[in-house]
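Please have the sequence and the structure open side by side before reading on.

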Amino acid sequence: MPFGAELQDDGRVRFRLWAPAAGQVDLCLDKPGGEILLPMRVEPDGWFGLETDQAEAGSLYRYRIDAGLRVPDPASRCQSGDVHGASEVVNPASWPWRDTEWHGRPWEEAVIYELQVGSFTPQGNFAALKIRLDYLVALGVTAIELMPVADFPGDRNWGYDGVLPFAPDSLYGRPDELKDLIQAAHRKNLMVFLDVVYNHFGPEGNYLHVYAPQFFTEHHHTPWGAAINFDDKDSETVRQFFIHNALYWLEEYHLDGLRLDAVHAIIDDSSPDILEELATAVARGPGQERHVHLILENDHNAAHYLARDEDARPQQYVAQWNDDIHHAMHSLLTGETDGYYADYASRPAWYLGRCLAEGFAYQGEPSVYRDGAMRGEPSRGLPPTAFVTFLQNHDQVGNRAFGERISMLASEEAVLAMVAIMLLAPSPPLLFMGEEFASKQPFQFFCDFGENIADAVTEGRRREFAGFERFSDPEARESIPDPNAPATFARSKLDWDSLEDTAHYDCLLFYQRLLALRHEKITPRLPGMPGGEAEFRLLGESGLRVQWRMGDGSLLILMANLAETTLSFTRKDLADGRVIYVYPATLETDLAAYRLPRWSVAWFFQEPTT
């Protein structure tokens with residue numbers, strides 16, 4: 001890695017910093033007798049470098065810029081003193097990996113469980129998460145997705161305000177504890193994905209503006225200000241910083257994949273763009289040796305990043321989080337029309353059907369929420385495995401004013417009907433921590449910024465909701481929880497004791513049984529599944545019939561009624577195949593009478609003809 005501190009074969013440590021705006025950089029080493037300063041040599045193109053035998057694994061260091069400000073290493077592998085403190089030299093080869101036989105799992109087997117390390121367990125660290133791995137295996141998930149762990153300011157944060165993207169936050173544990181977690185997961189046949197943020201740095205602890213303002217460009221702007229520079233002068237070093245970050249997590253930590261956060265906020269007019277170049281680097285590196293899965297969050301619905309080759313293999317990114325399908329399901333369950341739900345309110349069942357059959361709901365159509373702007377690219381030709389489906393995730397829960405989960409907003413029978421669709425549909429499902437037992441805890445937006453930033457974040461958070469009718473009154477907005485308050489974080493921690501309650505435990509069993517059925521009946525038929533062959537149609541206003549051609553040639557058929565009233569249908573609507581699942585359990589009697597009661601779901605298989 002060309003950035004940061006690297007142990008050399010001769011025992012020396014090489015330090016490198018890209019600081020094109022600095023005239024002088026000194027290495028500051030913490031020693032028992034006090035700090036020592038070592039001047040770094042000037043190298044071409046804005047680099048400063050030094051090799052020294054006065055540092056070793058465990059040494060603490062900072063860089064002094066122009067004989068003044070001391071800053072941490074932007075490529076620090078470990079920060080024991082938070083984002084403003086010293087960085088630590090780490091020997092990445094010291095961890096004794098014992099997962100050499102692990103080659104990952106095919107994407108078709110993916111059932112993802114998203115979690116935030118700090119609030120998933122009472123202890124809020126990697127070691128406590130490791131203890132819960134058996135629970136996740138029993139649930140039936142095959143991958144855990146960690147919300148960002150890169151070092152952030154303060155004692156709590158979702159992770160999207162990180163400023164040192166190579167350093168796992170010390171609150172969660174040391175680098176070796178994260179490696180231990182990943183190795184333990186692999187031993188249990190679990191993949192581990194990491195959410196990474198390449199569209200901005202957090203507002204506190206980012207010193208790049210001081211010595212490397214070329215990291216940013218005024219040619220493009222994002223919600224966080226000047227964009228990260230991926231296509232302006234001096235952008236090559238910036239691009240390599242993030243490409244090496246992706247390779248670092250995949251290679252040094254043996255991660256099985258990355259989810260790239262909000263790439264619609266990455267603005268890059270060059271060709272190949274940074275997303276394409278990063279995907280190529282991964283494919284030519286760790287992707288040659290094992291299954292490595294790259295996943296996007298992209299509000300632009302840019303289907304071209306998900307293209308498959310002639311053998312149906314992903315050319316760049318394996319899948320995208322499908323916000324469209326969440327919004328359609330949420331609209332059906334709650335009837336909400338505020339914000340982006342306005343785009344789905346007119347015919348939510350139709351949008352759900354399109355998502356199930358074709359991927360995106362918006363494939364180039366105008367968006368009301370976006371003032372008529374066209375959104376999306378055609379996705380019908382892609383297989384369902386290119387779209388991650390979810391009824392909850394950190395955004396869709398936590399970006400609500402009070403962080404309510406869907407189980408707090410809709411009836412149990414309606415939510416379980418939607419779960420029965422999500423977990424058995426061909427697209428890989430994603431669960432958000434606690435949803436499998438209908439957690440009573442909200443998941444609220446929390447952080448812990450310093451005094452100069454905290455008030456602005458709190459006020460900004462409350463202003464976000466001013467456009468919602470419920471919060472049009474400033475007094476009403478004052479009731480929105482303060483993100484910086486410790487109580488907001490405390491409310492968001494999972495209550496594992498609730499599993500002793502029958503209702504919560506029964507919900508967990510519901511998820512377990514459906515996931516077991518998925519692994520038995522659906523997953524084996526996903527390899528080779530084509531795009532462009534699924535069909536859907538409405539049954540009345542809120543009924544749905546969807547049909548997919550599976551990889552083995554069989555037909556998978558869904559019939560569902562997503563309303564409060566009984567739906568009658570005709571003989572030609574009834575699937576000819578064998579029933580593999582119904583909700584509620586008495587539904588087969590109704591099917592024989594050509595009716596679907598409220599919130600009912602039926603799944604059928606029709607075997608291929610010989």
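What follows is a walk through selected features of this model, which is predicted.

Empty space comes first. Rolling a probe the size of a water molecule over the atoms shows where such space is left. The count of cavities of 30 Å³ or more comes to six. The largest cavity has a volume of about 150 Å³, and 17 residues line it, with Pro148, Ala150, Pro165, Val196 and Val197 closest to its centre. Strand E14 (191–196) and helix H6 (235–252) each supply at least two residues of that lining. By class, the lining of the largest cavity divides into twelve nonpolar residues, four polar and one charged.

The second largest pocket has a volume of about 630 Å³. Its lining is made up of 28 residues, and those nearest the centre are Val292, His293, Arg313, Pro314 and Val318. Two elements give two or more residues to this lining, helix H7 (274–284) and strand E18 (293–296). The largest share, three residues, comes from H7. The lining of the second largest pocket has 14 nonpolar, eight polar and six charged residues.

The backbone is the next topic. Most residues other than glycine have a negative phi, and most peptide bonds are trans.

Ala67 is not a glycine, yet it has a positive phi of about 60 degrees. This residue belongs to the loop between strand E7 (60–65) and E8, and with a relative accessible area of 47% it is partly exposed. His254, also not a glycine, has a positive phi of about 55 degrees. His254 lies in the loop between H6 and E17 and counts as partly exposed at 21% relative accessibility.

In one of them, Glu51 pairs with Arg12, the closest N and O atoms being 3.7 Å apart. Glu51 lies in strand E6 and Arg12 in the loop between strand E1 and strand E2, so the pair ties together parts that are 39 residues apart in sequence. Glu51 is partly exposed at 32%, and Arg12 is partly exposed at 28%.

Arg354 and Glu358 form another salt bridge, at 3.1 Å from N to O. These residues are four apart in helix H9, so about one helical turn separates them. Both Arg354 and Glu358 are buried. The salt bridge of Asp576 with Arg571 has an N to O distance of 3.6 Å; Asp576 is exposed at 58%, whereas Arg571 is partly exposed at 44%. Salt bridges with shared partners also join Asp299, Asp324, Asp343, Arg370 and Arg375 into one network.

What does a buried charge without a salt bridge have around it, as with Asp73? The Asp73 side chain does make a polar contact with the side chain of Tyr63, at 3.2 Å. Asp73 is found in the loop between strand E8 (70–71) and strand E9 (87–88).

Conventions. Residues numbered from 1 in each chain as written. Predicted model: local features only at pLDDT ≥ 70, side-chain atom pairs only at ≥ 80, totals over all residues. Heavy atoms only, no water. 1 Å grid on protein atoms, 1.4 Å probe; cavity = no way out; pocket = protein on both sides within 12 Å on 5 of 7 lines; lining within 4 Å. Points joined across faces, edges and corners; volume = space filled by probe spheres on them. Nonpolar A, V, L, I, M, F, W, Y, C, P; charged D, E, K, R; others polar. Polar contact = N/O pair within 3.5 Å; in protein donor to acceptor, adjacent residues only side chain to side chain. Buried < 20%, exposed > 50% of the residue type's maximum accessible area, 1.4 Å probe, protein only. Salt bridge = Lys/Arg side-chain N within 4 Å of Asp/Glu carboxyl O.
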